Every structure is written in structure tokens, then in C-alpha cells.
Amino acid sequence: MNKFFSWPLGGDQPQHHRAKKRINLALQGGGAHGAFTWGVLDALLEDGRLEFDAISGASAGAVNAVMLVDGCLRGGRDEARKRLADFWRAASVDGSFSEAQRHMFERVFQANPLANAQMKTWMQSMGGFLTPSDVNPLNINPLKSLIERFVDFEGLRRSGRDIFISATNAQTGDLKIFHTPELTADAVMASAALPLLFRPVLIDGVPYWDGGYSSNPPLLPFLQTSGSADVLLVQLFPLQRDNLPTSSREIVGRTGEIAFNAPLFAELRALAEVHRMAEEQPGRGLRTLRLHRIALDDGAEPPSDPASRLNNKFEFFETMQARGREAAQQFLAAHFDDIGSRSTMDAAVEADEEYARE
């Protein structure tokens, strides 16, 4: 088995002796709501009973993935928790950006409302007719320098760990999975390059946009790994909303949520088909996965304003992190014993329900 993290001895070990289990992580993207995933990871690392094999991510999920792995490689659980916390603090509008970077970040993520509320709504409705060259003429991406500062990509590439980061070919619409040997800051930025905010990220001459359009997050690569068959999905986009969106902002936000969940349900349908084939043809030796999920909307209404995914104030990050910690603790209390033995979400049921909603 390819051990993903081998925890160092000493003070970083848990002070209590509990059974350990291994699991894969699949981290969905969702802008500032990625701080929820920070909270989930923080609680899992603090608990100490789960060790991680492969990890996949899209957009903000890709950022959390490389932060997690880099921290674990450098110093185990405690260092991973510290680096995740330090990154989200630095990524906030009141974090460690220079004045020029902070100005660009505020402008791009609309941390400061425009004076005219109607104009703000127009700006948020898919950017109107503005292009990334209009909004961000110098193509400044302050997150890239931040990620380069936090992550040793050469160390990641040498590690041999299975990390899968999704991006979308801007010309063909095809999915691109960046595997560990290909990981760079550009690959992570490609996964997080929202088309209306940033120009495509060129890698080997190919332009890439946000990975959430094509795989959010990648699940199928876990069929090819040799570690745990359990996959924990951290899902940020709500499955459904109780209230019908009526304003232009709500409509744009909800259609975005549906669009960014669509690739996930396509992969769940594919996994359900693999599982069916494995049951009908056991001699083929097909690998199947045991699926689990922690979702932002489990037990609580997700943030009502979809534009909150653009909120980069640290107090908002802290709120989301606290929700993620609570959700992870609830998941461990309810389902830790199920890991390694059975799924706690059914890919076929999820896919069928989503198909019925469509």
C-alpha cells in the first residue's frame, strides 16, 4: 500500500492510543467556502484517527489539498494544521498581502461593495460584458505568490504521494488531471482560474480554466490507486435550496451551484456503474469505492447569499472553519466505525436523485 502520510514520532503523535484507519480525501472547490474544508481538515488532523492515502481537489479544494500535504510532509499533523491556518489568515483581505495585492484582491473578489447597488448586482451577474482583461488588466493573481510562499512544490513532486488536481481546457472543455509529478503553483492556479476573473493559465501552451467545470472534485482517479478504498468527499455546493431564487443575484448564484455540482454527479453515476459491473461480474476484479461525505449544508442551511463565496474577510473564514470543524466531528462520531467496512453515501442513489432533480 502506498502510504500517503507517515506521521513523525515524538510530540506530533496523539497522546492516546486509538485505532487508526486510512481514507482518501476528495475536496470540492467553492471559493471562500473552502474555509469550511479548512475546518474539516483541522478537526480530522486534531482527532488523529484517520490517516490519508490519495487526495484530490478542484479550485479551493486544490489549494487546501496542497497545503495539507505540504504541511504533513514537513512536520505531520500539527504542522499541517498550522500551515492551513496561516494560509487562510494570509489569504484574507486583512492578511499579509502588500497594498497593491490587497487592492487587486478586493477588486477581484468584491470585498468592498460598489457605491451603486444596482451596478454591483450587474457586476455579480456573470460580470456583464466585462472580461478578465477589463477587471484585471495586469493579470495579477495574488494567490499564486501566496501559494508559492507556503508550498514546496519540488518536495511535493518528489514525495510520490497521489495528488490529483483538476483543471478545464479552455479551448476544448476537456478535463485535465494534474497528477503529483506535474504539480506546480501554475497547476493549482489553473484549477482555481474562474474565467470571469482571471485569464486562462497557460501550461505547456494549453490554456486552462477552473477545474470545477469538469471535475469537482475528481473521484474516478481513486479507482486507479492502490491504497484505501474509502473516499471522504467534502462538498461545498449545496445539493438543494429550500427557497426558489428570484433576484438576479440569487438566480446567477444558484445556476452556478448547479453547474459546479454537475461534474460531481456525473462521476457518481460512473462510480455507480462500476459498482454494478463489479457485482454482476465479480471475476473481473474491478475496484470499487466506499463513499462518505461531509457537506456544508448537512444539518444547517448553507450561506444564503451565493456571493459569500467571494467574501475574503478573515472573520467569515473563521465562521466557515468553525462549521467545518463541527461537521467533521459529527461525521467521526456517527461514521468512524463504518470506514473500512461500508459506504455511508450511495453513489447510485445520489446520482438518481440528482437526475430526478434535473
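## What counts as buried

A residue is called buried when its relative accessible area is under 20%, exposed when it is over 50%, and partly exposed in between, using a 1.4 Å probe and protein chains only. Phe260, at 11% relative accessibility, therefore counts as buried.

Keep in mind that this is a predicted model, where local features need pLDDT of at least 70, side-chain atom pairs count only at pLDDT 80 or more, and totals for chains, interfaces and linings use all residues. Residues are numbered from 1 along each chain as its sequence is written, and side-chain values use heavy atoms, with hydrogens and water left out.

## The nonpolar cores

In soluble globular proteins, nonpolar side chains tend to be buried together. A nonpolar core here is a set of buried Ala, Val, Leu, Ile, Met, Phe, Trp, Tyr and Cys residues joined through side-chain atoms within 4.5 Å.

The largest one has 67 residues, and those with the most contacts inside it include Leu25, Phe36, Leu68 and Phe153. Helix α2 (residues 60-91) gives this core its largest share, 14 residues. Helices (H or I, at least four residues) and strands (E, at least two) are DSSP runs, numbered from the N terminus.

## One face of helix α6

Now look at helix α6 (residues 142-150): Pro142, Leu143, Leu146, Ile147 and Phe150 are buried there. Seen down the axis of α6, its buried residues fall within an arc of 130°, so they line one face of the helix. That arc is taken from the directions from the helix axis to the C-beta atoms.

## Rings that pair up

Rings of Phe, Tyr and Trp (for Trp, the six-membered ring) pair if their centres lie within 6.5 Å; planes under 30 degrees apart are stacked, over 60 edge-to-face, and the rest tilted. That rule gives nine aromatic pairs. Take Phe87 and Trp88: their ring centres are 5.8 Å apart and their planes at 85°, so this pair is edge-to-face. Phe87 is buried at 3% relative accessible area, and Trp88 is buried too, at 5%.

Phe237 and Phe260 make a stacked pair, 5.3 Å centre to centre with 10° between the planes. Phe237 sits in the loop between β7 (230-235) and α9 (248-280) while Phe260 is in helix α9, so the pair ties together parts 23 residues apart in sequence.

## Charges over a ring

A charge sits over a ring if NZ of Lys or CZ of Arg is within 6 Å of the ring centre and within 35 degrees of the ring normal. Over the ring of Phe336 you'll find the charged end of Lys21, 4.8 Å from the centre, and that of Arg49, 4.2 Å from the centre.
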